[in-house]
Amino acid sequence: MDDPQQFEAFMRAYQDMVFGTAIRLLGDFAEAQDIAQEVFLKAHAHFDSLSRSATVGGWLKTVTRNLALNHLTRHRARWQTFSDLVKPGDETSDPVANLPAPDLASERWDADARHQWVEQGLAQLPALQRVPLVLYHFEELSYEAIAEELDVSLSKVKTDIHRGRQALRRHLLRAQLRPEGMTPDTPS
Amino acid sequence: MSAPFDTPEDPLLHEYLRRLPAPKAPPSLAPRVLREIAARQAVLPWWRKPAADWPLAARAGLMGASAVVALLILSWIERGLGSWSSLSVSAGAVYGPESVLGSGWNITRVMSEAAATILRTIPSTIWWTLGVAMAAGYLGCIGVGGWVYRQWAAPGQEQ
């Protein structure tokens with residue numbers, strides 16, 4: 001890498017995608033920053049070829065996902081123990097219920113605030129629900145691919161995604177956000 | 001609201017989430033990465049850095065060594081052409097011109113002398129031109145190899 005300015009421009013072009021993928025999977029700001037830094041250090045090592053590649057976005061996304069999942073795997077024992085404690089129909093386990101209700105009357109309840117509300121809801125989901133949900137809805141992996149990636153059964157993936165969706169749906173409804181007939185950029 | 005989310009794939013929620021913009025990276029991320037890169041490069045020994053970043057003495061040494069190697073190769077080629085014809089002459093003398101081996105050596109000697117004579121008549125500028133052409137071809141191969149690597153094996157192709 002001979003031109004730091006070129007790499008900096010490259011980094012600024014992709015940093016939201018890399019950081020966004022990391023924070024959605026990890027749900028933690030500091031950890032997502034660490035992962036994003038690691039991704040860009042790897043990109044820097046391969047920058048000569050990456051800067052000319054048409055698939056650089058895919059490469060960055062894949063590396064981010066793999067590093068984030070590896071990071072989560074290190075805490076996997078704790079993660080699985082908690083997942084086993086969550087029983088179907090356990091309403092007290094709603095992970096997003098503790099977030100304060102949004103001030104919908106506020107002038108600041110604009111598109112950015114709504115996006116932030118959704119991201120907060122995602123971050124509040126337990127990892128066992130958030131990770132497969134993000135892999136499915138944002139990374140567009142199939143149930144089978146997620147099961148393989150996370151080394152869990154297909155039925156567990158479906159169950160966890162279903163619970164995650166239910167929790168996220170409740171979270172959206174608290175802010176009167178209804179996905180039907182609207183996009184995240186249009187007022188509800 | 002209930003029905004739209006009851007389908008297995010939740011198409012509306014899926015579409016909604018897919019359209020969400022990626023969360024913004026903190027402004028501190030890029031400077032942090034650049035600082036880390038600079039810190040890592042600072043602790044690298046000079047020979048692991050790109051040649052353009054080597055100390056002046058090291059770069060001069062590399063150039064000098066390359067020139068010596070090139071001169072050695074050129075002189076070796078030049079001496080090889082002369083020794084080949086003299087080797088053929090001595091073999092013919094040992095085995096005698098009538099023996100099979102001697103005849104073989106004689107043929108070889110005549111051919112090698114003819115080749116050496118022809119080669120000596122070629123002006124040195126042509127040799128230099130050939131050398132440059134070979135070097136260009138070699139560098140061209142490196143270029144093609146690099147292009148092939150980038151197309152099929154570079155990290156940018158990994159998914």
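In what order do the elements of chain A run from the N terminus on? They go α-α-α-α-α-α-α-α-α, which is 9 helices and 0 strands. Helices here are DSSP runs of H or I with at least four residues, strands are E runs of at least two, and numbering starts from the N terminus.

Before you click around: this is a predicted model, where local features need pLDDT of at least 70, side-chain atom pairs count only at pLDDT 80 or more, and totals for chains, interfaces and linings use all residues. Residues are numbered from 1 along each chain as its sequence is written, chains are lettered from A and ligands numbered from 1 in the order in which they are written, and side-chain values use heavy atoms, with hydrogens and water left out.

**Select chain A**

Of its 188 residues, 50% count as buried (buried is under 20% relative accessible area, exposed over 50%, partly exposed in between, with a 1.4 Å probe and protein chains only). The chain exposes about 9100 Å², and carbon and sulfur atoms supply 49% of that (Shrake-Rupley areas, 1.4 Å probe; for residues, only the protein chains shown count as cover). Among contacts with a separation of 6 or more, 69% come from residues 24 or more positions apart; a contact means heavy atoms within 4.5 Å.

**Next, Leu135(A)**

Find this one in helix H7, residues 127-137. Leu135(A) is buried, at 0% relative accessibility. Show its neighbours: leaving out residues up to four places away in sequence, Leu135(A) touches Leu25(A), Arg65(A), Leu69(A), Glu140(A), Leu141(A), Ile146(A) and Leu150(A). Leu25(A) is 110 residues away along the chain, yet the two C-alpha atoms are 7.9 Å apart.

**Then helix H9 of chain A**

Buried residues in H9(A) include Val157(A), Ile161(A), Arg165(A), Leu168(A) and Leu172(A). What covers the buried residues of H9(A)? The cover includes helices H6 (111-124), H7 and H8 (143-150) of chain A, together with helix H1 (11-18) of chain B.

**Aromatic rings**

Over all chains there are 8 aromatic pairs. Rings of Phe, Tyr and Trp (its six-membered ring) pair if their centres lie within 6.5 Å; planes under 30 degrees apart are stacked, over 60 edge-to-face, the rest tilted. Pick Phe10(A) and Tyr14(A): their centres are 5.2 Å apart and their planes at 55°, so the pair is tilted. They sit 4 residues apart in helix H1 (residues 4-26) of chain A, so about one helical turn separates them. Phe10(A) is buried at 8%, while Tyr14(A) is partly exposed at 23%.

Now jump to Trp46(B) and Trp47(B), with centres 5.9 Å apart and planes at 85°, so this pair is edge-to-face. Trp46(B) is partly exposed at 39%, and Trp47(B) is exposed at 55%.

**Last stop: a patch on chain B**

Select Val69(B), Leu71(B), Ile73(B), Leu74(B), Trp76(B), Ile77(B) and Trp128(B), which make a nonpolar surface patch of about 770 Å². Patches take residues with over 30% relative accessible area and no salt bridge, joining like charges within 9 Å and nonpolar side chains (Val, Leu, Ile, Met, Phe, Trp, Tyr) within 5 Å; a salt bridge is a side-chain nitrogen of Lys or Arg within 4 Å of a carboxyl oxygen of Asp or Glu. Which helix gives the most to this patch? Helix H3 (residues 56-95) of chain B, with 6 residues. Leu74(B) lies in that helix and is partly exposed, at 39%.
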